[in-house]
Amino acid sequence: MGIRQWVEGWPVYRQLTGADRLGLGAAAQSERSRQWHARTEDADDVVRSVCPYCAVGCGQRVYVKDGAVSQIEGDPDSPISRGRLCPKGAASKQLVTSPSRVHNVLYRRPYGTEWESLSLDAAMDMIADRVIATRRETWEDTDENGVRLNRTEGIASLGGATLDNEENYLMKKLYTALGAVQIENQARI
Amino acid sequence: MAECHPVGFQWVMEAKNRGAKIIHVDPRFTRTSALAHEHVALRAGSDIAFLGGLINYVLGNGKEFRDYVVAYTNAGAILREDYADAEDLDGLFSGFDPQTGRYDVTTWAYEGADPAPAAGERELWVHPDEEHGGEHHGRSARAESYGSGGATVHAKPIIDETLEHPRCVFQVLKRHYARYTPEAVADICGVSTRQFLDVAEAITANSGRRRTTAWVYSVGWTHHTVGVQYIRAASILQLLLGNIGRPGGGILALRGHASIQGSTDIPTLFNILPGYIPMPHAHQHLDLDMHVGLDAGATGFWGNMRSYTVSLLKAWWGEHATEDNDFRFDHLPRLTGDHGTYQTVYNQLSGKCKGYFLVGENPAVGSANGKLQRLGMANLDWLVVRDLQLIESATFWRDGPEIDTGELATEEIGTEVFFLPAASHVEKDGSFTNTQRLLQWHHKAIEPPGDSRSDLWFYYHLGRIIKQRLRDSTDPRDRPVRELTWSYPAHGPTDEPDAESVLAEINGSGPDGPLSAYTELTDDGSTSCGCWIYCGVYAGGQNHAADRVPGSEQDWVAARWAWAWPANRRILYNRASADPDGRPWSERKRYVWWDAEKAKWVSPDVPDFEATKPPDYVPPENAQAEDALAGNDPFIMQTDGKAWLFAPAGLTDGPLPTHYEPHESPVDNPLYAQQASPARQLFGGEHNRYNPVGSEVYPYAFTTYRLTEHHTAGGMSRALPYLSELQPEFFCEVSPALAEETGLEHGGWATIISARTAIEARVLVTERMKPLRVRGRTIHQVGLPYHWGPNGLSTGDSANDLLSVVLDPNVHIQEAKAATCDIRPGRRPRGGALPELVREYQRRAGIEGSET
Amino acid sequence: MSESGYADAQPRMGFFTDTSVCIGCKACEVACKEWNLVPAAGDASDMDLLGLSYDNTGDLGANSWRHVAFVEQQVPASRVDNLGMPAIGAPEQEDEAGVRWLMSSDVCKHCTHAACLDVCPTGALFRTEFDTVVVQPDICNGCGYCVPACPYGVIEKREEDGRAFKCTLCYDRIGDGLEPACAQACPTDSIQYGELDELRERAELRKQALHDDGVTEARLYGDDPDDGVGGDGAFFLLLDEPEAYGLPPDPVVTTRDLPAMWRRAGAAALGVAAAVVASFAGARR
């Protein structure tokens, strides 16, 4: 900003030379204020989403700038919510950007007193090992009368009801093929 | 509704603005009460008495919508001579076995219906002598298997259209509810007769041909030992008033999680397969024929269950599933009883269950009796927790309440814990099914941070690794895994599986590609479909869950915004919005009608009826499936096409809703000798003792609930600064009278004690809580929001720790909305003094050392 | 407002907050904070249960630009039916008290005669082309004159920052044709945004409709151009006296006499300007 611009931007100068004689309006407006606009206008991408809290299913628009979420707000097109959100829905950007959100795998060994770090690949291999071992150890081919059971009660799962349908589907499909029957969800709670 | 579904409440406010009367029935005065015309503050756990009173008012005053009731319900069906009602048996129905705590439901059937085609095969629960050994409490899960269609009745009833026959449903109903007088309602619920009659008059005046009344409920109705019967009671009332299948009517479940509906449709639930197909039972479903033969109604759309089941098996086992091998029906594991989440905890405590996945769920805070949950987890071999934050269920081994009390020691807990960070909703593609059955797609906006992954990623890759490991196995038990179809395209930097390819599998396909409707499914193996009720969401290879025509550019039904199951129908059973001849009941409530010229049903919605079946269609003898339903049978998933006022099958605890007291109640049951539901599911053990009925040691009723500012067990709200500051800590709500009686101070601390534990909370003394007059006594209620635990920014004790595990026998849901406690001023003891206080109370109540 | 000197002056924009449909959900508080990046309660002492019904925000301030008040009142049962609000339970005796629970989302009033603006020595506060009153954080030097000037106790200095903050009526959003964040989020449309003239008409109709329904308590607050602040850009429909909600019954612009003084000062204007320069330069350091 050159000195001339700076002086022209100076409120008192503008008050004395402009229409804003009280100096409380246009003359007082800073350059930043003049340029100030909704950051959603600068978004690289606007993505349609759905609020992850309750089951009303309010439409959300997710604004993305430089690979990060810059704003989440209600989608006015939704005939369900008409652009409105409750405090939880309105806070969903914090859900995504929360500083206490954990970004890495944590591991607690049996009888351990602290978390340890573990790579995701190692964790996946270890979990697969445990599923296979526990399944073998607890498998029931039949009951005591020889009636087919084909199952394990050694492995259980409890899912939240914010899982996507596609996620629930793969869970139920995999668990059922593994013979695990204690597959449950918040829907029963 | 304003409290927990604020944005949905905008439509209630719209209705209010147009003249609708809003009545709020709730023990608690909430944000909803504040905006309603009337708040009915009834005692927690007394709703069936209230609804029964309304049913009695309707029947006693001839206020039923007679034409609707006669044509569309089973009011005229004749019951068996040996059926005995709760009226006759002082609170029990015929068939109860006090030894087992179960009903034999044979006598609840329609007259003339073949009660048992083959011994032990038809019944809706497992007979005691068939019970598989080793279950702690061997209830069968059969009853709730009928989510989509109701239970099967293999015969059409004999009907008395005059509704005069003494054994017809209508007359039985009248007798059953006759004692639910306004005075009885007042005595049980603590609601004045004047207010009760105000409500009765309002809803009856607002129902009929020209008007409809809607009921909206949430877990305030389901969290009871008689939760299913609560909903049944509302169904009976709404059917009598003609409020089902019509615009502005219905019984609307407000579900509290983004896809809790989807989690039932495509269930991660033990008792059902996708689309409410029952999981096979070891003793009843030896092969596919028996499975579909028993569960499919021969008539109604459930008559096609073989097609739905075969198509599911084809989706899962592909080319390996053939006619010759029963489409790999034997790959499915078998149930033998209750395998629900609370039974699982007991299996963890006994060492039977060794590995546990928690996927976006926090049972240490969110489930009843949190201590039992934590002790169960502390007894596992391994635990996998997938979440955004370090929830209490991931950290119980280092900072759970039992570490402080000395009941657990970190270095003695052998559980191996894996915490895997999850992706948030903006970091993955997928669909939620909302409370209106709408599948809405959410698009991925950004990559998840660090090791965070979608649950789709986790299960896809876990399955891929396990399949890899078992690739060369010759063990027959590994065949279901080896033969499982598991090829989904994965892409991007993290090898994320393509969610839309999973949706396409759910939708199903046939020889010509994606299917458009479940009516295209076949039982010959030529179609595959992962969830028959979702068939059509991917019609034409298009993701209709992502349909987004703005509401402002559509009519009010808004059919081109997302996709509703089934078949994109927005109101279920909407054929009932027209009279038997196919004409709207009134122009004002016109929704679906028969257009004689076009010879089809028309509507702004998708008619929930075969499009060209005329109103005067009469089914031929021996017709099957939907062909067996007449042109005036709107309830097409029912075997008889009628809505059931009386449930001749499908329930374990009675064919008609009956007022029973909560398991823990401060008062007796004035209506019957039977105090609580005789079929309720009890557990035991030293950590799940029950407060005695009417105990002076635990004299107060309490109920649990949510606040607008937080979400369930807090995993998605207590770590968020903007939400935490709005409700920064756990509190209880008490009336000025209770504060006076117990010495509680506003803003001070209270200790609340049950037979399970003691917790502390800050005290809000508020006029919104008011003592009620019940059974001639003053009953105080304590209100407890249940969001808290020790982790996060907003912290506090967990209200659910106070609860016991005692369940509804149909669906195995806990009684979280009505129990008893003591409350006293001051903070709770720390360390070992806490369990000592709990034991001291148990001793005084005479339950120390009891097992149930 | 030609007075404010904008070539492209817009109709005056404002809020009409209809408390008769407020459900106290606090979506406005959160949506405001998310959009304007307002800090959450900083330390543990701010994370305290206030015991003010469901209100734990307390008041408007630098970090709370919207504040929902919760008012629990006992009302005689005989009057309950007329208030459009329910009583708790059902009093058997006519004289037994009922309860009503009023909620109201408070905000900066964007006064016609804004004392904060008048006293601001740096020009940090200014009147926008929408006739709203906005603090410019790039200019504010944290002198704090505005804080005691506000008759409603709205504007406040942010402790850790030093500068003064308050509602901007989402100046950045409305300039782009968007609704302010609070109004867009509000589930029941209790917070309505629009041209002030139109809002005043709408509010009058709403008040009349409530009166016709027997809710005679309904009254408008801040809608009168002849009141002590010349009328508010953000005004309210209340169901009780303003004091019940913590609002001053008769707010008066604390600088009522300043404009006249200013005009008389005439030639002294440059002297004032010099003072402005000093503080302005200070802010740039």
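Predicted model: local features only at pLDDT ≥ 70, side-chain atom pairs only at ≥ 80, totals over all residues.
## Contact between chains A and B

Chain B contributes 131 residues to its contact with chain A, and chain A contributes 101 residues. On the side of chain B that touches chain A, the largest share comes from helix α18 (residues 455-469) of chain B, with 10 residues. Sorted by class, that side of chain B holds 64 nonpolar, 51 polar and 16 charged residues.

Strand pairing also links these two chains. Strand β7 (residues 148-159) of chain A and strand β9 (residues 355-359) of chain B run parallel and are joined by five bridges. Within this pairing, A:G159 has B:V359 in β9(B) as its bridge partner. In general, the strands of a sheet pair through backbone hydrogen bonds, in either the parallel or the antiparallel sense.

## Residue B:W457 in helix α18

Helix α18 of chain B includes the residue B:W457. Is B:W457 buried or exposed? B:W457 counts as buried because it has 26 C-beta neighbours inside 10 Å, and the cut-off for a buried residue is 20 or more.

When neighbours within four places in sequence are left aside, B:W457 is in contact with B:T494, B:E496 and B:P497. B:T704 stands 247 residues from B:W457 along the chain, and the C-alpha atoms of the two are separated by 35 Å.

## Contact between chains A and C

The contact between chain C and chain A takes 32 residues from chain C and 30 residues from chain A. On the side of chain C that touches chain A, the elements giving two or more residues are α1 (27-36), β4 (125-127), α5 (171-174), α6 (181-185) and α9 (269-284) of chain C. The largest share of this side, five residues, belongs to α1(C). By class, the residues of this side of chain C are 16 nonpolar, seven polar and nine charged.

## Sheets and strands of chain C

Chain C contains an open sheet of four strands in the order β8-β1-β10-β9, and the pairing is mixed. Strands β8 (191-195) and β9 (219-221) of chain C stand at the edges with a single partner strand each, so one side of each has no neighbour in the sheet. From one strand to the next, the twist averages 25 degrees. Inside this order, strand β1 (residues 13-18) of chain C pairs with strand β10 (residues 234-238) of chain C in the parallel sense, over four bridges. Here C:D18 stands opposite C:L237 in β10(C).

Another pairing in chain C joins strand β2 (residues 66-76) to β3(C) in the antiparallel sense, over 11 bridges. In this pair, C:V68 stands opposite C:S105 in β3(C). Strand β3 (residues 97-107) of chain C is mostly covered, with 10 of its 11 residues buried.

## The largest nonpolar core

In soluble globular proteins, nonpolar side chains tend to be buried together. The largest nonpolar core of this model has 379 residues, and B:I752, C:A31 and C:C116 have the most contacts inside it. Helix α3 (residues 47-60) of chain B gives the most to this core, with nine residues.

Which residues does C:C116 touch, not counting those up to four places away in sequence? C:C116 touches C:L125, C:V133, C:C146, C:A149, C:C150 and C:I155.

Methods:
Residues numbered from 1 in each chain as written. Chains lettered and ligands numbered in written order. Contact = placed C-beta atoms within 7 Å. Nonpolar A, V, L, I, M, F, W, Y, C, P; charged D, E, K, R; others polar. Pairing = 2+ DSSP bridges. Axes fitted to C-alpha atoms, helices over the stretch in contact; angles between N-to-C directions. Core = buried A, V, L, I, M, F, W, Y, C linked by C-beta atoms within 7 Å. Buried ≥ 20, exposed ≤ 12 C-beta atoms within 10 Å, placed from the backbone.
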